[in-house]
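Subject: Structure handover

Hello,

Here is the structure I promised to pass on. Please open it and keep it beside you while you read my notes.

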Amino acid sequence: MLKGSIRFNVKNTVILAATLGLFACASPSFAPTESPTESPTESPSRSPASVASKYGLDCISETQLFQGYDENDDPAANLDPELAHSFDGLVGEARSRAIALAMADAYAYGQTLLNTYDRLLDQGQSLEFIMRTNPVYSELHSLYFIRHDLARLAAHEIARALLNRLWLGTGGDRSRGLELIQQVAHEYLGKWKSAISERLQGRGYEMLALAETETDIEELQSVAASCGAPVERATSANFSSRFADYLQKKSRQLKVMAMAHGLVKDSLAFRAFEPKVGERGASIAAIVRARGAAVREQWKNLVDRLPQSVPVGKVIYPDAGKPGNIFGTTFPKGVWALTFDDGPHGGSKTEPSLTKAVLENLKKHDVKATFFVLSQQIDRADCPGVGPRTIKVLNKKGQVVSTSTYNIRKNRPSTVYPELALAEREAGHAVGSHSYYHSEVPKDNDAEQDCEINQAMAVYAEKMGNRPTFFRLPYGAGVSVAKVRKKIAAANAIHVHWSVDTLDWQDHDPASIVKRTLKAIQTGGRGVILFHDVHPQSVIASEQVMAYLKDPKNQLETVTLPEIVDRMNDAAAVAKPLATH
C-alpha cells in the first residue's frame, strides 16, 4: 500500500510537469564553438572567478560544479589507483567518452548489487549477517567511493571545458556568457547521453547515470541567469510544501525518480558499458570487486575486543572495542534511531534546503532524529597542515610502479550553514560529527586523521557550543581499524554505525528505498537507520519511513542516540549496582 502510494504520486507529478512542457532533454548535437582554434581540453590559465568575471558572472564560481576545482589539478590523479590507471593516456574525446561509459557502468553495476542485496533482505537476512557472509555489501561500500570519484571527474571535465570556452570568448557581454554556458552543457550532456545510449538502448541509463551531473549543470545555469540578484532565502517554515513545489517544477528530477522506479535491475546491463576489445577505459565491476574483497577481509577481522576498564554501570561509552560502537542491534526490541548524514544541506537558488525539508517532516510526524554533520558544511576554515600528497606504489624490487595524488580536501563547499546544525538541535534532535571533509579515514595519514576526527570535533564545539558525544566515520570505513577507533575513543566520543542501510545514495526510486528499509526494519526488530539529508529521493522516502515508525499498530518507538544510550546505561546501573563492582 505504501509503495503504491509513492508510485502514484511521483508518476502523476511527472505527467503534470510534462503537460506543462517543463521537461526538455539535451540534444546530442554539438553547438558551434566561440573560436575555430578552441579545444575543449585546452587548459585555461585563470580561476573560475576571474574567468567568469569577464562576463559579469562572478557568482557561478560558487556553484557545485566548481567546488574543489583547481586549474592545475587532474582529478584522475586523486582517484582509486586502479581507476586512475584506466584513464592513463586518454585525452580529448576518448577521455570524455570513457568517463561517460564509466559512470553508466558504475550506476548499472550498482543496480545489480541493489537487486542482490534486496533479494537477501527478502530472505530475512540482516545487514550484519550479509556483511559477514556475502560480498554484496562490501562491494556496495566500495562502489560509493567509485561513484563519488567519477562524479567529481565528470564535473572537472565540464568545468574545464566551460572555463576554456569562456576564456577564449571576447568577454564583457553577459548574454554571451550565458550562451556559452548553455553550449557547453548542451555539448557534454548530449555526447555523454549519446555514448551511453549507443551501448544500451531504451533503458534510461543515460539519464540515471548522469542525474547528479545534470543537477549541477542546472544549478549553474540558474545561478548564472540570476547572477547579481540577491540569494533567495525562504522564510516560510513549511519546507515540506516548498519541497513539493520544487519537485513539481523540477520535472527532470521527477522523471529520474519515475524512470528508476520502472527500471528492471538487469544483472547483465553493466557489461554493456565495459570497455570493448581494443578500447581503453574503466571496467568498474572488476575494480569494485577487487576493492570489495579487501574491505570484506577487513570486516572479517572485526572482533569485539574487551575494554580495558569498564565505567561503573555503563554498557555504552567511548571505547575502541564493542562498548564504543553502536550498531543498534542491542537496543530494546522495537526501538529505532533514525539518522541522517552529510548535511547540513542549505539549498540554492534552484533547490530548497533538503535538511529543512527533513526537519519539517520530522516535526509533522513528531519524530526525533540524530544528524551527523560535516564540519566543512558549518565552518569556512580549512584544517591546517593537510593538503595534496603523493602516494607511490612499489613492486617487490622497490621500484615505483605508479603514483597518485591524495587530498582529503575535495569538493569544499563555498557556502556553509552552521545555523541549520543549530536549528536541528533547537528542534530537539541530536547532532553528532561526521568528520571534516568526509574522507576515507583508514587511508589518511596521522595529520589527516587528526583533521577528520579531532579538528572536526573542535570546529563542531566552536559552532555548536559543546563537543559532540557521537561520531560517525564516513562510509563506516575504519570501524574495524583499531588505530582509528582508539582515536575516536580518545576524543571521548562514541562511534555510531547502522543496522539498516537505505542505500539512498544509489537508488533514485523513493518507493524502492522505502520497501528496502521497511523489510530491514521488520527483520531486525531494533536498530539504527541510515539516511542522507542531501538527496531529494531521501526526503520523500524518509518521510514514509517516519510514518511507519509512528503508526501505533506497528508498536515501535523512535529515539535519539543520547536518549537510548542514557536509558541503556541507566538500566545497566540498576542491574549492576555500585556495591557489586
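**The strands around β10**

Strand β2 (residues 335-343) runs parallel to β10, and six bridges pair them. This is a predicted model, so please keep that in mind throughout. Strand β10 covers residues 527-532, and six of its six residues are buried.

β10 also pairs with β9 (residues 500-501), again in the parallel sense, over two bridges. Here D501 stands opposite L530 of β10. How does the chain cross from β9 to β10? The path goes through helix α17 (residues 510-524), and this β-α-β crossover is right-handed.

**The whole chain**

Now step back. The protein chain has 581 residues, and 55% of them count as buried. There are 19 helices and eleven strands. Take the contacts in the chain with a separation of 6 or more: residues 24 or more positions apart account for 81% of them.

**β3 and β6**

Next, look at β3 (370-373) and β6 (430-433). The two strands run parallel, and four bridges join them. V373 has S433 as its bridge partner in β6. Which way do the residues of β6 point? A430 and G432 point one way, V431 and S433 point the other way, and all are buried.

**Helix α14**

Helix α14 spans residues 418-426, and L420, A421 and E424 are buried there. Why do they share one side of α14? They cover an arc of only 100° around the axis, and that puts them on the same side of α14. An α-helix has 3.6 residues a turn, so residues three or four places apart point the same way.

What covers these buried residues of α14? The cover includes α13 (354-365), β3, β6 and α15 (446-464). Just after α14 comes G428, with a positive phi of about 95°.

Start with A381. You will find A381 in the loop between β3 and β4 (389-394). Is A381 buried, exposed or partly exposed? A381 has a relative accessible area of 40%, so it counts as partly exposed. Leaving aside neighbours within four places in sequence, A381 is in contact with R412 and Y436. A381 and V459 are 78 residues apart in sequence, but their C-alpha atoms are 8.9 Å apart in space.

Then go to H365, in helix α13. H365 has a relative accessible area of 18%. Buried means under 20%, so H365 counts as buried. Which residues does H365 touch, not counting those up to four places away in sequence? They are E543, M546, A547 and K550.

**Backbone details**

- G343 and P344 are joined by a cis peptide bond, with omega about 0°. P344 lies in the loop between β2 and α13.
- S435 is not a glycine, yet its phi is positive, about 90°. S435 sits in the loop between β6 and α15. Its relative accessibility is 0%, so S435 counts as buried.
- L503 also has a positive phi, near 55°, and is a residue other than glycine. L503 belongs to the loop between β9 and α17. L503 counts as buried because its relative accessibility is 0%.

**Rings and charges**

How many aromatic pairs does a search of the whole structure find? The search finds twelve. One aromatic cluster is formed by Y144, F145, Y475 and W505.

F145 comes up again with a charge. The charged end of R291 sits over the ring of F145, 4.7 Å from its centre. Elsewhere, K191 lies over the face of Y188, at 3.8 Å from the ring centre.

That is the set of notes. Best wishes with the structure.

Key. Residues numbered from 1 in each chain as written. Predicted model: local features only at pLDDT ≥ 70, side-chain atom pairs only at ≥ 80, totals over all residues. Heavy atoms only, no water. Buried < 20%, exposed > 50% of the residue type's maximum accessible area, 1.4 Å probe, protein only. Contact = heavy atoms within 4.5 Å. Arc of directions from axis to C-beta. Phe/Tyr/Trp six-rings, centres within 6.5 Å; stacked < 30°, edge-to-face > 60°. Lys NZ or Arg CZ within 6 Å of the ring centre and 35° of its normal. Pairing = 2+ DSSP bridges. Right-handed = clockwise from strand over helix to strand, strands pointing away.
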